[in-house]
Every structure is written in C-alpha cells, then in structure tokens.
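Here are some notes to read beside the model. They take one topic at a time.

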Number of protein chains: 2
Amino acid sequence: MSFFKKLNEHVLTQPVLEINLNRLIENYELLRKIISPAIPSAVVKDDAYGIGAKIVSKTLYERAGCRHFWVAHALEAERIVDDLPEATIYVLQGVGEDNIELFRKYKFTPVISSPEMFDFWKKHEIKEVKPVIHIETGLNRLGFRENELKKLSNKDLQMFSLVMSHLACADEKDHFMNQHQLERFKALKEKYFKGLPATLSASDGAFLGEDFCFDMVRLGAAMYGINTAPYRENQMKNLICLKAPVLQISDLNKGEFVGYSATYRANTKRKIAILSIGYGDGLPRSLSNVGKVFFKALGKWSEARVLGRVSMDNLICDVTNVDNLKVGDFGYLIMDDYTLDDIARDAGTISYEIMSRIGKNTRYARKYILNAR
Amino acid sequence: MSFFKKLNEHVLTQPVLEINLNRLIENYELLRKIISPAIPSAVVKDDAYGIGAKIVSKTLYERAGCRHFWVAHALEAERIVDDLPEATIYVLQGVGEDNIELFRKYKFTPVISSPEMFDFWKKHEIKEVKPVIHIETGLNRLGFRENELKKLSNKDLQMFSLVMSHLACADEKDHFMNQHQLERFKALKEKYFKGLPATLSASDGAFLGEDFCFDMVRLGAAMYGINTAPYRENQMKNLICLKAPVLQISDLNKGEFVGYSATYRANTKRKIAILSIGYGDGLPRSLSNVGKVFFKALGKWSEARVLGRVSMDNLICDVTNVDNLKVGDFGYLIMDDYTLDDIARDAGTISYEIMSRIGKNTRYARKYILNAR
C-alpha cells in the first residue's frame with residue numbers, strides 16, 4: 001500500500017460563513033417585547049454590521065413587520081430601498097452636497113446633527129421629508145449642543161419628525177452617564193421639542209428600562225446576537241458560524257518556530273494544523289498566539305490555541321490534543337459556544353468590530369439560514 | 001445677520017479613498033530592477049490587499065507587462081482572469097473539492113502544499129496544468145516537510161512547474177531565520193527538484209540580495225507602498241490617500257467626556273471635530289485615544305489626536321490647535337506624510353492588515369488615479 005492510499009480524499013480550501021436569519025427574527029421579536037410599547041426599528045448601517053444589509057432588511061420587513069431602518073450613509077439606504085416600499089429609512093450621517101440627490105430621488109429621512117447641516121437642508125429642503133434632529137446629551141459626538149438649539153426659531157423647531165440622542169455608556173447598567181444623559185434628553189426635549197416623538201436608546205439602552213425607550217428604540221447589536229448588557233447572561237441568540245478547512249497537519253519538533261517573525265517556539269513536540277483563513281478574511285491579527293479554534297468530533301468539541309502570528313490567508317493552531325483530526329475537517333472560529341463576544345474578548349476589541357470586519361470579505365462560501373414560510 | 005448666515009455651505013458626508021495606480025507601476029518597475037534577473041510576479045490575493053484585484057492586475061498586465069499573478073483562492077483568480085489572457089495565475093491555497101471546477105474551466109495553476117492535496121490532484125489532474133509545489137523551510141505554515149518529499153516518486157517529482165517556499169523573518173535583515181531558510185531551500189531544491197525553476201521570496205525577501213531571488217520573486221506589500229525593509233528608509237511610494245469630511249465642530253468643556261464608555265475626559269477646554277469615518281470603514285478601533293488626523297490649510301499640515309473610542313461611523317479628534325477649520329473640510333487618515341506604515345504603528349498592527357481592512361469597504365467614494373497612455 002502506497003503512502004497516499006492511506007490518505008483521505010477530503011480536501012477543501014474555502015472558509016464558510018453561515019448567518020442564521022431565523023435567529024435574527026427571534027432576537028428582534030424578543031427585543032420588541034422588551035421595549036414595548038416603544039416601536040422597534042432596525043439599525044442596518046455598515047452593511048448590517050457586515051452580514052448583509054439587503055437580506056437583513058428584507059427579512060425584517062417581510063417576516064417581522066419592521067418599518068423603520070437606520071443607515072449611516074445615503075448610499076447604504078439606496079442599496080436596501082427597493083425591498084422596503086413602505087419603510088422609513090433614516091440616514092445618520094445626514095445630508096450634504098455629496099448625497100442630496102439620493103434624498104431627492106428616494107425621500108430618505110436625514111438626521112440633522114449640526115447648524116451647518118440644518119442650514120444646508122433649509123436651502124435644499126425636500127417637501128415630503130421631515131428630518132430627524134440629533135441632540136447632544138453627553139457622548140460629545142454628533143448632535144446640536146444647547147447653545148445651538150437656542151438659536152433655532154419656532155419655525156425651525158417645527159420642521160422635524162423625531163428627536164434623537166445616543167447613549168455613551170449604556171452597556172454599563174450603573175454608569176452615572178446613563179442617568180445624566182436621560183435627564184438631559186428629557187429636559188431638552190421638554191424645552192425645545194415638546195410633543196415630538198423621541199428616540200434615545202440603541203440595543204444597549206433597551207435593557208435599561210422603560211424610561212430609556214421613549215417612542216422608538218434603534219435595535220442593532222443585540223438583534224445580531226451581541227450581548228449589549230454584559231453585566232448579565234446574554235438573552236440573544238448567536239447568528240454567526242464561521243469555519244475554515246484544515247489544509248495541512250504537521251508535526252512541530254522541539255525548538256522549531258511558527259509563523260512570521262518566529263513569535264512562537266515549540267518547547268515540546270507539538271502537532272499543528274494550518275487553516276485556510278486569516279486576517280484577509282477579517283479575523284483580527286490580534287488573535288496571534290492567543291486566539292482559539294474549535295474542532296468537533298463525535299459530538300464533542302476540542303479546543304486548540306492559535307500559534308504564532310495570524311497571517312493574511314492562514315492561521316496555525318496547536319492540535320496536539322485534538323483526536324482524529326484530518327485534512328479537510330473544519331476548524332470553527334465563531335459558533336454558538338464561542339460567540340462574537342468571546343472572540344472579541346480574546347482579540348482585545350468589541351463584538352461590533354469583529355462583525356463589521358468578518359462579513360465584508362468575499363472569499364467565504366456564504367450561507368444564509370432562513371426557514372421557508 | 002442671522003446665526004446661519006455666518007455658516008459655510010460646504011457640507012459633506014462621505015469618506016474618500018484615493019488609490020494611485022501610477023505609483024503602483026513605479027513601485028513595480030523599481031522592484032523589477034532590484035530583483036533582476038529574477039522575474040517579477042504580482043501578489044493580488046485578498047483583493048490586491050483590499051485595493052481592487054481586478055484593476056490592479058489589469059494595470060500591471062497592460063502597463064507593466066506582468067504575466068505572473070498570485071491569489072490565495074481560486075475564486076479570486078476567477079475575478080481577474082478575463083483581463084489577463086496570457087498570464088499564469090497561481091492559487092496559493094491550492095485545489096480541493098470545493099474549487100476543482102474553476103481549475104478545470106480556467107486552467108489556473110494550483111500550489112500543492114500537502115500530500116493529501118497532491119493525492120487529490122493526481123486523481124483529478126488537469127493535463128494542461130503543471131502545479132507548483134510548496135516546500136516548508138522554517139515558517140511552519142503550508143508546504144511539504146522533508147519526510148513527505150522523501151515519499152514522492154521520481155514521476156511525482158516531475159509533475160511540477162515551479163518549486164516555492166516562503167520566508168518567516170525577511171523584514172529583519174539580520175535574523176538568523178533568513179540564512180537558515182535559504183540554505184534549507186537550496187538543499188531541498190538540489191536534492192528533489194534540481195533544474196526546476198524556483199521562487200523563495202516575497203517583497204521583503206527582494207531586499208535581502210540576489211541569493212534570495214532565484215527565478216521569480218512574488219511582489220506584494222512593497223509594490224503597494226509598504227516598507228518591507230523597515231531597517232532602512234522606504235524606497236517605495238505611497239499609493240493610498242484616505243480622508244473623511246468634518247461633520248461638526250464643537251467646544252468641549254472642562255470635565256466633559258468623549259465617546260463610548262467615556263474613555264476621554266477633557267482636563268482643559270478643548271475644541272473637537274467629528275469626522276464621518278469609523279471602524280465600519282476599516283479604521284482599526286485600536287486607534288481610540290491614540291490615532292492621528294491631519295488637516296491641511298494654506299499648504300501646511302496640522303495634526304490632531306483622536307479622542308475617545310473610535311466608533312462604527314465616526315471618530316472625534318482634538319482640533320484645539322487647528323486653525324480655520326470648517327465643517328466640510330477633510331481630515332486625512334492616510335496620506336504621503338502619514339502612510340500605511342505610520343497608521344499601522346499607531347494602531348499596534350502591520351500595514352498589511354490596515355490595507356486589507358480599509359479597501360473592502362463600500363461607503364467610500366473610491367477614486368483610482370492612472371494617467372492616460
């Protein structure tokens with residue numbers, strides 16, 4: 001029997017990204033209950049945090065009755081508008097010379113966050129559209145400051161359909177900023193926008209109680225499965241499964257190095273697996289020497305440590321204690337027992353950034369899971 | 001005169017990514033001279049490190065006579081093949097069940113890196129194609145180990161068109177691994193692949209001298225302007241200009257906080273600018289509180305520090321000392337005086353990862369600069 005006769009035939013090269021849209025709907029429905037009677041709206045900016053704004057919006061529109069969507073840029077609104085005939089699409093970065101035509105064509109709703117932008121809007125106003133006004137309450141990012149609100153005329157103040165602000169620390173339940181921003185928002189709303197519908201919270205604010213929900217909540221991260229209330233167990237379901245095939249399995253002798261700049265050295269003999277995925281597929285390079293890969297055999301998970309630097313197309317992990325592993329088997333980078341929150345912790349960042357990076361890559365076999373109706 | 005009369009009309013919302021393909025050609029030509037008489041080849045995997053594999057390959061093919069291209073995955077080869085009728089396209093992750101059809105259709109050249117993959121190839125061989133064999137010399141990533149080479153028959157050894165390996169530490173001129181890998185590559189080539197064309201070096205190896213260049217060098221990072229020989233001044237030209245408009249300028253009072261989790265506190269009164277770019281556009285979130293933004297006025301650059309956390313769509317910077325700044329002006333995140341190498345250093349990673357992240361985003365106005373012929 002030749003050497004190669006003993007080898008398996010299961011050779012694969014492409015990483016796989018699975019996105020479970022059934023769970024997206026479940027998360028949305030649970031959040032809808034939590035924030036009730038406030039209206040839910042869906043944040044699908046940044047291509048729905050990377051997983052596909054078009055299919056995410058269409059699914060929420062058709063399967064969950066969502067009628068309010070938030071994007072950052074008008075061109076993101078343009079990419080989803082065809083599937084959302086009766087929805088309102090809010091554009092967070094607002095309106096300017098470089099996108100006014102899209103607002104004219106599609107009647108998107110701009111979020112106006114500065115006097116300059118409001119001035120621009122008044123000169124290019126679109127009659128059918130009533131913009132949102134963004135007011136600043138403590139994040140010190142976008143939004144009118146009070147000295148700017150004071151300068152608005154009564155007529156100006158009547159031009160808006162919704163007043164919004166955004167919380168800075170809502171993922172920390174007891175952070176003083178939450179109460180500070182809530183009080184500030186209430187006071188400014190009472191003074192300048194009495195009776196106008198209001199939205200203060202995104203996903204993280206949804207868990208701070210009814211006071212924070214006002215008329216509408218902007219659901220993003222939690223809907224996508226991220227724990228935006230990390231002071232307690234995640235109530236949301238994981239949407240993402242990311243896996244990559246093992247291209248090669250090798251022995252690593254004592255004293256040998258792994259990867260660029262030789263940052264891992266074997267102090268004892270190890271067995272290593274080379275996976276077909278790297279930072280070119282959106283995995284953070286900060287997982288070098290600290291990330292984890294999971295392998296499933298006979299219904300049981302094994303855990304392997306990333307060795308050396310993550311490179312553009314590959315990562316290497318220590319499979320010394322993984323039994324029965326073969327070339328062509330999948331290593332799992334994100335799954336139900338090692339979620340976005342887990343990989344973000346190991347990579348030293350937040351789940352949002354991981355999601356935003358992963359989903360934009362085009363080397364995956366991408367699969368959406370959605371039950372037939 | 002009303003408050004708004006004093007404001008400018010220059011309101012913009014969209015970040016801009018400019019890619020200078022003239023400089024790509026210049027870098028390629030300079031590298032060609034450095035590695036001569038070895039043949040240059042272009043690494044355009046990961047969508048040409050994010051800047052667009054299709055236009056990069058076409059430019060190098062038509063303007064610089066490049067006839068050898070490297071991608072990681074067969075589907076990446078499929079995206080560029082139409083513009084490269086007489087080129088050889090090498091696929092680094094090789095061939096398997098999930099991409100064999102693409103090899104059959106287009107006659108791409110797989111890089112065979114393991115006995116399992118070679119076994120698969122022999123069962124599905126494409127007569128017109130002679131693959132590359134990847135041999136392991138110290139990186140401990142992909143490639144045949146010597147105990148595996150020993151098991152190849154003479155007939156097996158005749159099946160290849162090129163033998164390759166890859167250096168682990170070539171960006172450190174005096175690293176012992178360079179000489180170790182060179183000797184190992186020469187010895188294995190002599191023993192198993194005498195007379196076969198060979199390629200050992202990528203961009204970084206190109207600067208280690210003629211010994212490292214063999215018959216072909218795989219030009220990637222350096223061609224894109226990255227300094228792959230950081231022990232000396234960069235000889236390559238920067239290709240990338242990334243800028244984003246200022247959406248808003250505000251005062252920050254002493255004691256106020258900026259951004260998520262309130263990680264920046266003003267200890268003195270500051271002036272801040274909010275830019276329309278964030279990690280959703282590929283900027284690393286690790287630039288939080290450490291990144292830099294540059295503003296140009298009257299031909300002079302001013303430098304501003306990122307304040308607080310970089311968020312998905314925005315970043316905030318300290319423009320207290322930037323004169324005459326207006327809403328709609330551009331802040332520069334990458335430019336000739338603050339290159340990929342500089343932003344990577346500040347973000348705690350490598351230029352390759354920055355490039356790979358930035359270019360894949362679709363919210364930019366993307367501009368390619370290429371002179372007419």
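This is a predicted model: local features need pLDDT of at least 70, side-chain atom pairs count only at pLDDT 80 or more; totals for chains, interfaces and linings use all residues.

How are helix 11 of chain A and helix 12 of chain A oriented to each other?

1. **Two helices in chain A.** Helix 11 of chain A covers residues 340–347, and it packs against helix 12 of chain A at an angle of about 100 degrees. Their axes are 8 Å apart. Angles of 65 to 115 degrees count as roughly perpendicular, so helix 11 and helix 12 of chain A are roughly perpendicular to each other.

2. **What touches what.** From helix 11 of chain A come A:Leu340, A:Asp341, A:Ile343, A:Ala344 and A:Ala347. They meet A:Ser351, A:Ile354 and A:Met355 of helix 12 of chain A. By class, the residues of this contact are 6 nonpolar, 1 polar and 1 charged.

3. **The largest cavity.** Helix 12 also matters for the next topic. The model has 4 cavities of 30 Å³ or more. Which helices each supply at least two residues of its lining? They are helix 12 (351–358) of chain A and helix 12 (351–358) of chain B.

4. **The lining.** Chain A gives A:Tyr279, A:Gly282, A:Ser356, A:Arg357, A:Lys360 and A:Asn361 to the lining of the largest cavity. Chain B gives B:Tyr279, B:Gly282, B:Ser356, B:Arg357, B:Lys360 and B:Asn361. The lining divides into 2 nonpolar, 6 polar and 4 charged residues.

5. **The sheet of chain A.** Chain A has an open sheet of 8 strands. Read across, the order is 8-7-6-5-4-3-2-9, and the pairing is parallel. Strand 8 (198–199) and strand 9 (216–219) of chain A each have a single partner strand, so one side of each lacks a neighbour in the sheet.

6. Strand 2 of chain A (residues 39–43) runs parallel to strand 9 of chain A, joined by 4 bridges. Within this pair, A:Pro40 stands opposite A:Val217 of strand 9. Helix 1 of chain A (residues 21–35) packs on the sheet and touches both strand 2 and strand 9 of chain A. The direction of helix 1 makes about 135 degrees with that of strand 2 of chain A.

7. **The sheet of chain B.** In chain B, 8 strands form an open sheet with parallel pairing, in the order 8-7-6-5-4-3-2-9.

8. **Inside the chain B sheet.** Strand 5 (residues 109–112) and strand 6 (residues 132–134) of chain B run parallel, with 2 bridges between them. B:Ile112 has B:Ile133 in strand 6 of chain B as its bridge partner. Helix 1 of chain B (residues 21–35) lies across strand 2 (39–43) and strand 9 of chain B.

Note on methods
Residues are numbered from 1 along each chain as its sequence is written. Chains are lettered from A and ligands numbered from 1 in the order in which they are written. Side-chain values use heavy atoms; hydrogens and water are left out. Two strands pair if DSSP finds at least two bridges between them. Contact means heavy atoms within 4.5 Å. Axes are lines fitted to C-alpha atoms, for helices over the stretch in contact, and angles run from 0 to 180 degrees between N-to-C directions. On a 1 Å grid over the protein atoms alone, a cavity is a set of points where a 1.4 Å probe fits but cannot get out, and a pocket is an open set with protein on both sides within 12 Å along at least five of seven lines; lining residues have an atom within 4 Å of a point. Grid points are joined across faces, edges and corners, and a volume is the space filled by probe spheres set on the points. Ala, Val, Leu, Ile, Met, Phe, Trp, Tyr, Cys and Pro count as nonpolar, Asp, Glu, Lys and Arg as charged, and the others, Gly among them, as polar. Angles under 35 degrees count as roughly parallel, over 145 as roughly antiparallel, 65 to 115 as roughly perpendicular and the rest as oblique.
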